[in-house]
Amino acid sequence: MRSGFIGLAGRPNVGKSTLINAIVGSRVAIVSVRPQTTRRAVRGVATDTGAGWQLVLVDLPGVQRPRDVLTERMQRRVERELADADVSLLVINGEEGVGAGDRFIARELLRAGAEVPVICAVNKVDRLGKGQTVEVLDAAARLEGVSEVFPISARGGQGLDVLTARLAELVPEGPYLYPPEEHSDQASEVLLAELIREQVLNRTRDEIPHSVEVAVSEVEPREDGLVVVRAEIWADSESQKGILIGAGGAKVREVGTAARRELERELGARVHLELTVRVRRHWRRDEGLLDRLGID
């Protein structure tokens, strides 16, 4: 048997979360067009008992320059997880090509663990022409420290079998790190909160997505099969709270309706979702609160 940790690195919004969901075959990381969607190091677990391997894919926040306590913590977590990984997987957005940010991250991967193999997945190649694909694959192969390059489409599935097989060859021999039936190490309440936050991200704009957090306060299964989920959406200011609520409560109802469908899909049960929007000023600077949220 083989098992090990795969640390995914890349610029914000290159498709790391979509890639992990595709390899795991289950929804373990939320996806949004907004940069910096991922705040925690989410572990997705992919196991093939027939082939005898298990990959623990760590969905890391996009590498960035810290601007507050929240992003400082996110960046420190990136560095720790990459240092502990058995394989580093650099994900590049093929549509954007290889840029200075990708070159910086490749150097950081070398610095984090000189003995850790670094392979590169060029994502979204299904949107490129043949000439563009060859060009970006060549540029990726020239990145410092990168030993292999794989063209993929995380959303369409192209190239994922080849990439996954290679990752399984690179992880060390050893027993499974998680039970084969598990897909993630996230607490249920954290995943439910993230699914709600995903709907906020997809339905707001400007600075709202970066300023919002969601906390699930209670999950109450009832005898009739209904699951009651109570959650709070936090905003940084009264003006942001007003935007999240919307005229006559329209925005929060829109978010709640979409989030309830996702929660029902995850829980396999009917859900009654109670959402409260409140102001928690400067929550991104509150060390104790970030500890309780598990953003460490």
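## Burial and overall make-up

A residue is called buried here when its relative accessible area is under 20%, exposed when that value is over 50%, and partly exposed in between. By that cut-off glycine 15, at 16% relative accessibility, counts as buried. The model is a predicted one, and every value in this report is computed from that model.

The protein chain has ten helices and nine strands, and buried residues make up 51% of its 296 residues. When contacts with a separation of 6 or more are considered, residues 24 or more positions apart account for 70% of them.

Glycine 15 is found in the loop between E1 and H1, and, leaving aside neighbours within four places in sequence, glycine 15 is in contact with Asn123 and Ala154. Glycine 15 and lysine 124 are 109 residues apart in sequence, yet their C-alpha atoms are 8.4 Å apart in space. Lysine 124 belongs to the loop between strand E5 (118-123) and helix H4 (130-141), and with a relative accessible area of 17% lysine 124 is buried. The backbone of lysine 124 has a phi near 70 degrees, which is a positive value in a residue other than glycine.

A further pair involves glutamine 240, which lies in helix H8 (residues 238-245) and counts as buried at 13% relative accessibility. The C-alpha atoms of glutamine 240 and serine 211 are separated by 8.5 Å, although the two residues are 29 residues apart along the chain.

In soluble globular proteins, nonpolar side chains tend to be buried together. The largest nonpolar core of this model has 25 residues, of which Ile6, Leu19, Leu57, Leu89, Leu163 and Leu167 touch the most other members. The elements that give two or more residues to this core are strand E1 (2-9), helix H1 (16-24), strand E3 (53-59), strand E4 (87-93), E5 and H5. A second, separate core of 22 residues includes Ile196, Val200, Val229 and Val252.

What does leucine 89 contact, once its neighbours within four places in sequence are left aside? The contacts of leucine 89 are Ile6, Gly7, Leu8, Ala9, Leu19, Ile119, Cys120, Ala121, Leu163 and Leu167.

## Packing of H6 against H9

Two packed helices are described by the angle between their axes and the distance between the axes. For helix H6 (residues 188-202) and H9 the angle is about 145 degrees, with the axes 9 Å apart, and the crossing of these helices is right-handed. On the H6 side the contact is made by Leu191, Leu192, Leu195, Ile196, Gln199 and Val200, while H9 contributes Val255, Ala258, Ala259, Glu262, Leu263, Glu266 and Leu267. The residues of this contact divide into ten nonpolar, one polar and two charged.

## Salt bridges

Side chains of opposite charge can pair when their charged atoms come close. The structure holds 20 salt bridges, and Glu218, Glu220, Arg222, Arg230 and Glu274 are linked in a network of them.

In helix H9 (residues 250-267), glutamate 254 and lysine 251 are three residues apart and therefore separated by about one helical turn. These two residues form a salt bridge in which the closest N and O atoms are 3.4 Å apart, and glutamate 254 is partly exposed, with a relative accessible area of 36%. Further along H9, glutamate 262 and arginine 265 are likewise three residues apart, or about one helical turn, and their side chains meet in a salt bridge of 2.9 Å, N to O.

Helix H5 (residues 160-170) holds arginine 166 and glutamate 169, which are three residues apart and so separated by about one helical turn. The side chains of arginine 166 and glutamate 169 meet in a salt bridge of 2.9 Å, N to O. Both residues count as partly exposed, arginine 166 at 24% relative accessibility and glutamate 169 at 49%.

Definitions and conventions:
Residues numbered from 1 in each chain as written. Predicted model: local features only at pLDDT ≥ 70, side-chain atom pairs only at ≥ 80, totals over all residues. Heavy atoms only, no water. Salt bridge = Lys/Arg side-chain N within 4 Å of Asp/Glu carboxyl O. Helix = DSSP H or I, 4+ residues; strand = E, 2+ residues; numbered from the N terminus. Buried < 20%, exposed > 50% of the residue type's maximum accessible area, 1.4 Å probe, protein only. Axes fitted to C-alpha atoms, helices over the stretch in contact; angles between N-to-C directions. Left-handed = near helix turned anticlockwise from the far one by under 90°. Contact = heavy atoms within 4.5 Å. Nonpolar A, V, L, I, M, F, W, Y, C, P; charged D, E, K, R; others polar. Core = buried A, V, L, I, M, F, W, Y, C linked by side-chain atoms within 4.5 Å.
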